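Subject: A structure for you to look at

Hi there,

Here is the structure I promised to pass on. Please open it alongside this note, and take your time with it.

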Amino acid sequence: MRAGLDEVARSKESLDPLSDMFLLPLNFSVPAVPLWQIPSPVIYYLPAMNEQAFATLEYDDLRALVMRGAQTPMGRARAEALAPLSDADEVRRALRAVSECVELRRRGGAWVFSELADPSETLARLRIEGSILDPLVLLELARLCEQAADARASIHAEREACPVLWETVEELPRTLPSLAARVFSKILPGGELDDRASPELARIRGEIVRLRSSITRSLEGLMRRSEEAIQDALVTLRNDRFVIPVRSDHRGRVRGVAHGFSSSGATVFVEPLETIESNNELQHLRETEEREVTRILFTLTEELRQERQSIELAAASVAELDFVGAKAALSIHLRSVEPSIDEGGALELVEARHPLLEENLRAQGVEVVPVSLRLDAERPVMVISGANAGGKTVVLKTAGLLSLMALSGLHVPAREASMPVYASVLADIGDRQSLAANLSTFTSHVANIRRMIELCERPALVLLDEAGTGTDPEEGSALGVAVVDHFRRACGAHVIATTHYSGLKMYAANEEGVSNASVEFDERTLQPTYRLLVGVAGSSSGLEIAQRFGIPEEVIRLARARVDEQTLAAADYLRRIQRESEEAEALRRALEEERRAVADKYASLDAAAERRERERQADFARELERAVSDFERRSRELYSQIEDRAARTRVEREAERRAGELRREAQQQRAQTRAASVPKGGTAAGSVRVVRHERDAGGGGEAAPSSSADAAPTREIVVGDEVRLTLLNTTGVVERLKDGEAEVRAGNLRLREKVSNLELLAPRAATKKEDNSLAARLRDMHGRGTEVKLRQSRETADAELNLIGRNTDEARDETDKFLDEAFLQGYAHIRIIHGHGTGALRRAVAELLRHHPHVEGFAQAPANQGGAGATVVELKQ
């Protein structure tokens, strides 16, 4: 940083005095702030600008807006030194830091600084060995360390989203909180040392309190004994010694040392002889206290001196963070965006607003009319014409100030923005005539343009207001065209010029790379709209403006009569083109509004459809829950009637399994329905009924009730009929009917169930078919291809389970399920095939059978039934 300033100083020596005064901005000076307040990554840049650029673009007022958001003196110093940056990467880094801070504030996680003083003088004192800092100064440094650590912690939590800010605080030492805590533990907020700052200080102050109390009691007793000589019964202090007020005419009644008289002379303050020694001891204790306080302050100062570099780093980080926070506050206040830095050199502003103008108009409740423009390599020049007081100069100032804002690391008030890193920002705006300097309007413009030509460096932004004004219109028009063309060709600059000259308008219309633009003027109301229309030149409407400002009608009429016919025709032509452009723009806006309206309508329809779908899904879920709850309730009613504990356990397990299957199948059907885009007219309740019907039809492997030839009879159920219990999906024979309930025998179980929950079955064609159906249900229940065979012959097992290929865990699980089902069906003997192998499956099965509640006994299968590769099991009856 210091080397850069020296280089600037050397470069100034080579300039002539006249150009030197325009190298720096108006009233610009390098801020007298410590170097530690300017972090090394920030490179300050003094661009080639003439006096007009900073003064006319009101850059100092912009600095004041930034300073308004600073919370510390360091941040305000950094804002006051705000200047454009030279390197594109540094500009991007500064802009990115502001964006990260804005996002942190929106999340509520940004830092806050309060009650911080400028530590530069204090840090300078710390460099002096043996110096002692005052308690309040120590507290200021402690607050600085504490708040720097807090800022680091808040950024650390978001370091992935805030890499630039994290880089600013990453190097802060973690000892800062403990350093601040040591100071806070010894110094009270008011600056006094805490009694607990050291054991010795606590002892001394305890002695002082005891001695003060003793002296006070002694003096109060003396005053009671000499009541007639006492003026007021109050113990007071004179010269840091305890005294009593004695009447002057009774001075001899109290022996002691007089420490003075009252203003009236009626009272003399006497230190009695009895308390002189105590007062002397008290003074000694106070001196001892002062020495201990000095020792403690020296110790704290030495601790801070040893951490001076850490404190300086904390101060620099706080200054940088506060500076970034001030820029972020301005960004939020102006509803700004981060501009992109275009290496290709394009300047583009979309719905940009002048920040200072918006700030002034916002207080009046008026909205700023935004402007949009683009300058690039193909069209680097824009000539703006149109009515007086229509906003041409505002466009110039907006483009210039927003360019400086972006180069200074500030967000710009616009919807979108893109710009290059200009080496020169040059402006000739306003009338700089001066009688003292012998400068007329024209000569002041010419002198300023000469300096701009001398200072222009690529890439440059040149702003010319009323180019060529102040002289003969024909000559001024020619000069304006020449100046604009020189900046375009010789400097390769982006040029924005305003004019009323027809010559410049024709130049913009005929020259490739130059575009016309105009500010809109409402001829019906004779009022400017301040909208910028790109691509069409505008009429000056000088007579209309004069009429609006109250020039008599007769004068206006005479002026119209003197205007050349060709000039009138050209003005009419421009007005016609402008009206057509306005109509086209109005049509475009109407079409855009209609497009947005259609998009909003479709969005609302989509939202309504999504809402209806959510409601349908909610209804489906409620109906499903009711169906499952009804199933579970009926299941509980059924197995509450079963007295056998083992049988009840089997029924409970079966009911839980079927309830789970009911939920899964309902969810699968809902997913299939959604994928197939079933019309939304179907109800959730209907879906539940379908699920239950499918489950009842397929769960037991039996045909669902239908109108086919093998459908179940529709007559009433009588004793002896074979029926299906719909809740358990099992079959049995009715043995008794009474009061709407039936007693059904299912295997070796007798169950009571409502007749409405029974389904009459048609006579079966053959027993073999029934066994195959049950085998299918067992295969379905055990899953994964488990082979199950059922036989009615008592010479062999009633059913068998093949476990070959399973591991021991799978074998135990499938065997347990198989035993439950076989027991529920009333089988007496079953066979489990486990093979020979290593014997692991045989041992696992044997261990399970040995403790299973359904097993009466088991043994190795006979040779004709598998021998050692199978186990025959006898079940309890």
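Below is what was found in it, topic by topic.

First, some ground rules: this is a predicted model, with local features needing pLDDT of at least 70 and side-chain atom pairs counting only at pLDDT 80 or more, while totals for chains, interfaces and linings use all residues. Residues are numbered from 1 along each chain as its sequence is written, and side-chain values use heavy atoms, leaving out hydrogens and water.

**A sheet and a helix across it**

Helices (H or I, at least four residues) and strands (E, at least two) are DSSP runs numbered from the N terminus. Six strands form an open sheet with mixed pairing, in the order E10-E11-E12-E8-E13-E14; strands pair if DSSP finds at least two bridges between them. Strand E10 (424-428) and strand E14 (527-534) are at the edges with a single partner strand each, so one side of each has no neighbour in the sheet. E10 pairs with strand E11 (residues 460-464) in the parallel sense over five bridges, and Ser 424 has Ala 460 in E11 as its bridge partner. Helix H18 (residues 502-510) lies across strands E8 (381-386) and E13 (514-522), at about 125° to E13. That angle is taken between N-to-C directions, on a scale from 0 to 180 degrees, with axes fitted to C-alpha atoms, for helices over the stretch in contact (heavy atoms within 4.5 Å).

**Salt bridges**

The structure holds 46 salt bridges, each a side-chain nitrogen of Lys or Arg within 4 Å of a carboxyl oxygen of Asp or Glu. One of them joins Glu 348 and Arg 374 (2.8 Å, N to O). Glu 348 is in strand E6 (residues 347-352) and Arg 374 in strand E7 (residues 371-375), so this pair ties together parts 26 residues apart in sequence. Glu 348 is partly exposed at 28% relative accessibility, and Arg 374 is partly exposed at 39%; here buried means under 20% relative accessible area, exposed over 50%, and partly exposed in between (1.4 Å probe, protein chains only). A network of salt bridges links Arg 335, Arg 353, Glu 358 and Arg 362.

**Cysteines**

How many disulfides does a search of the whole structure find? It finds zero, a disulfide being a pair of cysteine sulfur atoms within 2.5 Å. For Cys 491, the nearest cysteine sulfur is that of Cys 456, 3.1 Å away. Cys 491 is buried, with a relative accessible area of 9%.

Happy exploring!
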